[in-house]
Amino acid sequence: MDEDAGGASPPPVPLAQAPPPQHPIAVAAAATATAAAPSQRDMAASPTSSRSVTETVNGSHRFVIQGYSLAKGMGVGKHIASETFTVGGYQWAVYFYPDGKNPEDNSVYVSVFIALASDGTDVRALFELTLLDQSGKGKHKVHSHFDRSLESGPYTLKYRGSMWGYKRFFRRTALEASDFLKDDCLKINCTVGVVVSTIDYSRPHSIHVPDSDIGYDFGSLLDSQEGVDVILNVGGERFHAHKLVLAARSHVFRSQLFDDESDGEKSEVNETDELKEFSIDDMEPTVFKAMLHFIYRDTLVDDNELGASSSDGSIFDTLAAKLLAAADKYHLPRLRLLCESYLCKGISVASVASTLALADRHRAMELKAVCLKFSAENLSAVMRTDGFIYLKDNCPSLQSEILKTVAGCEDQCSSVGKSQSVCGQLSDGGDSSVRRVRQRT
């Protein structure tokens, strides 16, 4: 294979599967001071030392190119870009050129480059590009700076948009007949190691402060039920708790527990233990238990519990969705954000429309923004889901928001492969012939 890298081209390296190690370079300096005044008592100060450590901060990103055959023919010098990812405080992106980057090669080769996608000056880094063998044999194609000495040191990217990579990454005919291409899909792993330097210096004395365990302590208080002073009856199941803890975490609870004139849930006096009992009728006991877990411990319950739902598999019926609704009702912003983060991990073409409706209903703005962006980037596929039909019937305003998001995406990047307007797709249910490949020039 003929390779051509931005800057000096490193020779090919043997296939490697081990993760790239860091490259520390340590320089130590020591200085010893003695008392300067001869008239003073002769005594020596404690020795001091410092150490300069130069190493790489490593991070990896997997770029999946689905629909390789549709990407071909977009033109020499035009690329498909990965989502940006952060390593060492800088944004990076992988650029894949289906028809090659160099006009002189006449589309014989595909090109792959790693680009600095954020502002930066003279960013020094090591790189590794791995084309994954999808046959299961593990015969990946690896181009790596790691595990070997570079004669001129790490590569330097001068400014935003600077790139390193290979104009002749792989001959196209060979690629299309290889195990690297499967089901019209390529998978590329990219590792970036940003070079950073730090100064480490000795301190005469240090005291380690452990992480806060307040969540554990309050959780133990809940488990032991020591000092409980309120009972919350949720769907017939009674939960003992501490009014001050509930009130400190949620002003909704504060109002209900300390305002006798509250219009909220009804309350009654339990004559047996003389604890005031409040009834909550619009929440399931399992949801309330999970909310109580967060109130005391500041964490979510296990992922297995969050993802559990009834047999219909609706996202609205998962514990995570119901807990999001509870966070909205009781004004628990951190719980809402934790639920948003969890639900965000499960976004897919099949679930994004339903998740968008859920986020909009419970004012989960971070999750809503992610759903809108995902829907805009995968519009044709999303429009064929049951969730999108649900949006048409129940949340038409969200369709308009998707349309606005699509328009914003089109302003930011050219979509030359689209042969039909978004408005037309919304009216006729989409066009299966439309290329769903993100193209950039």
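R363 sits in the loop between α10 and α11 (365–377), where helices (H or I, at least four residues) and strands (E, at least two) are DSSP runs numbered from the N terminus. This is a predicted model, so to speak of local features takes a pLDDT of at least 70, side-chain atom pairs count only at pLDDT 80 or more, and totals for chains, interfaces and linings use all residues. Residues are numbered from 1 along each chain as its sequence is written, and side-chain values use heavy atoms, with hydrogens and water left out.

Back to R363: its phi is near 55 degrees, a positive value in a residue other than glycine. Most residues other than glycine have a negative phi. R363 is also exposed, at 51% relative accessible area; exposed means over 50%, buried under 20%, and partly exposed in between (1.4 Å probe, protein chains only).

You'll find H331 in the loop between α8 (319–329) and α9 (333–345), partly exposed at 38% relative accessibility.

Now for the strands, which pair if DSSP finds at least two bridges between them. Strand β2 (residues 48–66) runs antiparallel to β11 (residues 185–201), with 17 bridges between them, and I65 stands opposite L186 of β11. β11 also pairs antiparallel with β7 (residues 123–131), through seven bridges. There, A125 has V194 in β11 as its bridge partner.
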